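The sequence and structure come first.

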Amino acid sequence: LSIVSREQPLYRHHSCRSVLCVLTLIATMTSNDDDDSIPPPPSYPPPPLSPVGEDVEIQSTPVLERLNKGEAPESNRKDKKKKYILCAILLLSFVGVCVGAALGIVLPRQKSADVELGIYQALDGDGNIIDITPSSVPSESPSSVPSQSPSTNPSLSPSLSPSLDPTTTPSMSPSETKTLTFFAIGDVPYSDLEACLIPHELDKAANSGADAKFLLHLGDIRDGKPYVNSGGQPRPCPEYLYEDVATIFEKSFVPTIFSMGDNAWLDCEDPDESYTFWKKHLLTFNERKDLGWPELGATVSRNQDHIEMYSFVLKDVLVIGQGLPGEGWSDDHAWNEWNVYLDANASWMEKSFAENEFKAVIICGNSSKGWNERYFLRLEEVAKQNPDVPIMFLGDEHEFQEEPEFRGIPNLHRIALDDVVTPTLITVDPYATGTLNVFTYDRRCPCAGNHRPTELFTYTTGVCAGVCDTNDLCINEDASSVLWGEV
């Protein structure tokens, strides 16, 4: 115990004290092990005499023989062996503790001793306190020459083979875009010339690279004026008119959805008959499976009382189809309760808002003119009740019109298409900031419009140069036919 003074830092650490205890224990256990002798065996009294005076024969045993020879019993030898083994274990433990003390105790204690002396003080090899305050001046001036010239050769030659075989499966699925893109058209065809041009324009749309999901026709598939024959009555709307329109739009590359217009319904001689023809050939046109169209990706719901009204949600955009034509040539027909019909449109709009989840809304209707004012008053209320939902009313008025903040409502936007044969590309980004950024459009390069008679457009310079060369394929068609297809 006197090896290390109690006043020295080494002794004050509990691990070092444990080492000293181990040394003491070893010394104690081995202090008498160097003498292999054993105390002399005790003397035994002579054996008693037999009753007849003869000695009794005592049988010898291994134990007695070892005792008579002065040897230790076997149990003592085993205990001695165990003692040596224990001493060896303790000695090895002592060596390990000493190494640990040298590496993990002495050095940290020396470091802590330095800290106790002061932030900038330490002990030298002789135990003297020295000052190690850092100097504000570098000990040596920096060299202007690098200590070693950089190597002009790479340390390793580049590998010509990839380290891993490329995987054919992406590490993660690409995020699906939330932008909805579609084409829209309206007020066509109004002549045999336009009926000839539209399939070529649909081919151009298919090859435009646009990721359009559907095509909307906003109504009016024939010219409504002049619609009165020589007898002062409206012309009939024969069934082949609707059949021909279906044939034209079979050229579309995406599902095509038709809205009801007044020209091929209320402006016909028999509105009930024309309505029946429209339902037969155009109502479920978008559901046709024989045209190879991709799936719409949404379920189209329809108003059971007015089946021309529809709605669906695609990519967080609610699309509502309304029956908003003009009033027609006369009130003397089955649809003369106009206000009731407008209320039915407004109720369908409100129902669609209430029953769906969405971020933006497109409302499709044939006309936004004054005779539908009753409907638009209801639309104003819905827009005000949903101030964070961008809403666009999309119609056609024979000339292009755009009206941000429609009817003074910040989140209500109106676009009216003109009567060109070239579909307009519309994009809806429901997550964009600001209504004007949510709804964007590309009118592309229109090739014909301004019906009565239809006017052909040509471009010799700029981005549209040569786009309308397909007009030459229809140049001989009638451009002024009132009821196109009529013989």
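## Trp 338 and Tyr 341

Trp 338 has a relative accessibility of 8% in this predicted model, which places the residue below the 20% limit for buried. Tyr 341 is also counted as buried, at 4% relative accessibility.

Both residues belong to helix 8, which spans residues 338-355. Trp 338 and Tyr 341 are three residues apart there, so about one helical turn separates them. Their ring centres lie 5.8 Å from each other and their planes meet at 40°. Because planes under 30 degrees apart count as stacked and those over 60 as edge-to-face, the pair is classed as tilted.

## Phe 182 and Phe 214

The model holds 16 aromatic pairs. In one of them, Phe 182 and Phe 214, the ring centres are 4.9 Å apart with the planes at 15°, so this pair is stacked.

Phe 182 is part of strand 3 (residues 180-185). Phe 214 is in the loop that runs between helix 5 (192-206) and strand 4 (215-217). The contact therefore ties together parts that are 32 residues apart in sequence. Phe 182 is buried, with a relative accessible area of 0%, and the value for Phe 214, likewise buried, is 0%.

## The ring cluster

Which residues do ring pairs link into a cluster with Phe 182 and Phe 214? The cluster also takes in Tyr 310 and Phe 312.

## A charge over a ring

Arg 407 places its charged end over the ring of Phe 406. The distance from that charged end to the ring centre is 5.8 Å.

Key. Residues numbered from 1 in each chain as written. Predicted model: local features only at pLDDT ≥ 70, side-chain atom pairs only at ≥ 80, totals over all residues. Heavy atoms only, no water. Phe/Tyr/Trp six-rings, centres within 6.5 Å; stacked < 30°, edge-to-face > 60°. Helix = DSSP H or I, 4+ residues; strand = E, 2+ residues; numbered from the N terminus. Buried < 20%, exposed > 50% of the residue type's maximum accessible area, 1.4 Å probe, protein only. Lys NZ or Arg CZ within 6 Å of the ring centre and 35° of its normal.
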